[in-house]
Amino acid sequence: MASIGIGVIGAGVMGAEHARILATEVSGGHLVAVADADLPRAQAAANGAKAMTNAEGLIADPAVEAVLVASPDSTHHRLVLAAIAAGKPVLCEKPLATSSAECMEIVQAEIRSGRQLVQTGFMRRFDPAYREMKAVIEGKALGGVHILHCQHRNAAAPPWFTGAMAVTNSLVHELDISRWLLSTEYTAVTAFPYPSEEGKTADPALFVLETKAGTLVSVEIFMNAAYGYHVQAEAVCAKGTIGLAHPALTRIRHQRAECGSFPSNWIPRFLDAYRIQNQAWIDGIHSGTPPVEGATAWDGLVATCLADQIVEALTGRQRVEFKLPPKPLPSEAV
Ligand code: ISE
């Protein structure tokens, strides 16, 4: 099959990185267009491919056979629905949409299209280290997982980042990856926000999630950890533990100390994950079978729906039992 023409919507940090990956690091697909409200920014990311300001125009463009959405969160719902209506496969950065009602509209529209067109960009599922962790957990040599400890630290939150976004934009990664690692669903959450100064958002915050499998998942979210970008996960199992190793590839020993550096943000840490994710998405379009590791529209809905309930839990130290809408069957699409 000929190489697939891909259009990227959004040319900010993530959109520009996806455009670069699609232009230079994948096979079987290539970048044909980039859309961004800021034309010079679209042109810079397009690097010779078409640049435009109209996202709907990009989706309608006949040269665009598949769409990657990396525009601001609030635009995802509208653009993913437009891609489904055009019958084009769409890989959408997380979150799939900003409310579970919007996610449900996407789930329903995809069912009505009769094809699995949507992949939610939970790229950690393609990260080699997380995949190794999953293989070891499923191999059962360490016994069942009792506790999964997760840390998600950013060097500094951007000025426009709200307290709720620490959940809807950052914690959603742990919601998805832990559910995927453990093959279970969550039942409840208790949030422990660090007492914050008046008018400031709680940072760091600790969340303890309960699961159907009985495993407890602890997640620290620290948006202003200052020292660098750092994601950690360790599964405490009956006969041992498995965790992610330090992300640096080298260690420096100097003046009686040893150190390994941290990246400034998630792109260097998850570079392989983004590339492998995008390649698997393209391969799935060619074969007609989306990658099994990929997060579906339903997975996107689960993360957003739980995140909304966790934001509520943040307002007090209360335990909240999760409620999820029933997963619609293909025959139940409305
Ligand atoms: C950001 O939007 C991402 O998706 C990163 O992967 C995450 O680590 C970061 O906390 C988010 O703000």
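Helix H1 (residues 13-24) packs against helix H9 (residues 271-287) at an angle of about 60 degrees, and their axes lie 10 Å apart. H1 is therefore oblique to H9; angles under 35 degrees count as roughly parallel, over 145 as roughly antiparallel, 65 to 115 as roughly perpendicular, and the rest as oblique. The model is predicted: local features need pLDDT of at least 70 and side-chain atom pairs pLDDT 80 or more, while totals for chains, interfaces and linings use all residues. Residues are numbered from 1 along each chain as its sequence is written, and side-chain values use heavy atoms, without hydrogens and water.

Helices (H or I, at least four residues) and strands (E, at least two) are DSSP runs numbered from the N terminus. Axes are lines fitted to C-alpha atoms, for helices over the stretch in contact, and angles run from 0 to 180 degrees between N-to-C directions. Contact means heavy atoms within 4.5 Å. H1 contributes Met14, Glu17, His18, Arg20, Ile21 and Leu22 to the contact. H9 contributes Leu271, Tyr274, Arg275, Gln277, Asn278 and Ile282.

Two strands pair if DSSP finds at least two bridges between them. S8 (residues 186-193) and S15 run antiparallel and are joined by 3 bridges. Val189 has Val320 of S15 as its bridge partner.

A second open sheet has 6 strands in the order S3-S2-S1-S4-S5-S6, and its pairing is parallel. Its edges are S3 (50-52) and S6 (118-121), each with a single partner strand, so one side of each is left without a neighbour in the sheet. Here the twist averages 25 degrees from one strand to the next. S4 (residues 66-69) and S5 (residues 90-93) run parallel, joined by 3 bridges. Val69 has Cys92 of S5 as its bridge partner. Helix H4 (residues 76-85) packs on the sheet, touching S1 (4-9), S4, S5 and S6.
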